[in-house]
Amino acid sequence: MNPVVYLDNNATTRVDPAVFEAMRPFFVERYGNPSSMHAFGGSVAADLRRAREAVARLIGASPEEIVFTSGGTESNNTAVHAAIEAFPGRRHLVTSRVEHPAVKNVYERLARKGYRVTFVPVDGRGRLDRDVLLGQLGPDTALVSLMWANNETGVIFPIEEIAPLVRSRGILFHTDAVQAVGKIPVDVERAGVDFLSLSGHKIHGPKGVGVLYVRRGTSFAPLIVGGHQERGRRAGTENTAAIVGLGRAAELAREELASGAYDRVRLLRDRLEQGIRERIPNVLVNGDPAARLPNTLNVSFEYVEGEAILLMLNEHGICASSGSACTSGSLEPSHVLRAMGVPFTAAHGSIRFSLSRFTTDQEIDRVLEVLPPIIARLRELSPFWKKEAPACSREFQPV
Ligand SMILES: *Cc1c(COP(=O)(O)O)cnc(C)c1O
């Protein structure tokens, strides 16, 4: 039995064994270059084509609209770059305050280079006000980039509602769908986006591979230039094994979504949430309960430090995360929780549990057994914890 209780699936996921098997030949026998004239290499191009078709099917795209990249980060960088190049005269870019660093930091760099950048706020539940966003748009706006689902809280933005309104104003629309793909239905046609990013290692595929969807007819400029790979949209010899693995992961994601695997994940997540609320006082659940990924639970334990909780969970082999993996190591509370106005005392004690289709009932039981005494012990040590604090959990009230 695996001793590790892995509840950090928004950071990365286990490679599905079937994905690994699909990849193996491309490291061993079939190491050819798909651009080669000889059949040994050239035959690999057919495997890449199948992988491209599988990813396209997962998101409702055509295969020509799929560009393989090195991951979600590169896809996001490429989309922003392409939008800027498409409108050289426009100097305004819009996004939200709760984006992943792979969008946030791209925008911040552009702000330093002189672009006007708008970070649209969210409310206490992490929801975006559509009309506030639309009110920011003007003739100088080149791009709106909004994540489909938040990696820290799981909050889902109504992309299908917003994207058409943005595009009807002649502005390009990109969505970072890295956390949404595979967990909820994502269809580029229904959503009407110009660009969409996804990542292999968030859907039980390998690390270091991702996709940028580029709508047919959308003006495009590559970020990485060199050879003619990916029809000139992303140079560099294809990461064949990883692309084949991502293709297999996309097939499996589609099947698992259709067979209701994430309904089971949602039940497990809800049982974890309910169990925590029943066993531990002064708990706040972060993120809109009405529009949240089925696998994510972000919970604040008042008057304790998230890092301390993680260390103690780690001693029991339980993997979770505080804030986002990319901001851990700093003592600042996450920019996402700050944007939501989560009180300082609670934001510091926030833990993200993120489940997957490999999560078991036993793993949830284990957390519910181990966590309450950890919180009780840490609170005993906290100078801010009052013994007479109310012995019931409360919802976080949006400000
Ligand atoms: C993980 C993640 C990324 C980055 O993807 P990589 O493939 O790790 O570069 C981007 N956006 C979101 C929302 C993510 O969760």
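The side chains of Ser 322 and Glu 307 are joined by a polar contact of 3.2 Å. A polar contact is a pair of N or O atoms within 3.5 Å; within protein, one must be able to donate a hydrogen and the other to accept it, and residues adjacent in sequence count only if both atoms are side-chain atoms.

This is a predicted model, in which local features need pLDDT of at least 70 and side-chain atom pairs count only at pLDDT 80 or more, while totals for chains, interfaces and linings use all residues. Residues are numbered from 1 along each chain as its sequence is written, and side-chain values use heavy atoms, with hydrogens and water left out.

**Exercise 1.** Locate Ser 322 and decide: is Ser 322 buried or exposed?

*Solution.* Step 1: Ser 322 sits in the loop between β11 (318-319) and α13. Helices (H or I, at least four residues) and strands (E, at least two) are DSSP runs, numbered from the N terminus. Step 2: buried means under 20% relative accessible area, exposed over 50%, and partly exposed in between (1.4 Å probe, protein chains only). Step 3: the relative accessibility of Ser 322 is 8%, so Ser 322 counts as buried.

**Exercise 2.** Describe the interface of domain 1 and domain 2.

*Solution.* Step 1: the chain is divided into domain 1 (5-13 + 260-391) and domain 2 (17-257), with bounds from an automatic or database domain assignment. Step 2: the contact (heavy atoms within 4.5 Å) takes 32 residues from domain 1 and 35 residues from domain 2. Step 3: the rule finds 1 salt bridge across this interface. A salt bridge is a side-chain nitrogen of Lys or Arg within 4 Å of a carboxyl oxygen of Asp or Glu. Step 4: between the two domains, 18 residue pairs are in polar contact (both at pLDDT 80 or more). Step 5: on the side of domain 1 that touches domain 2, α13 gives the most, with 4 residues.
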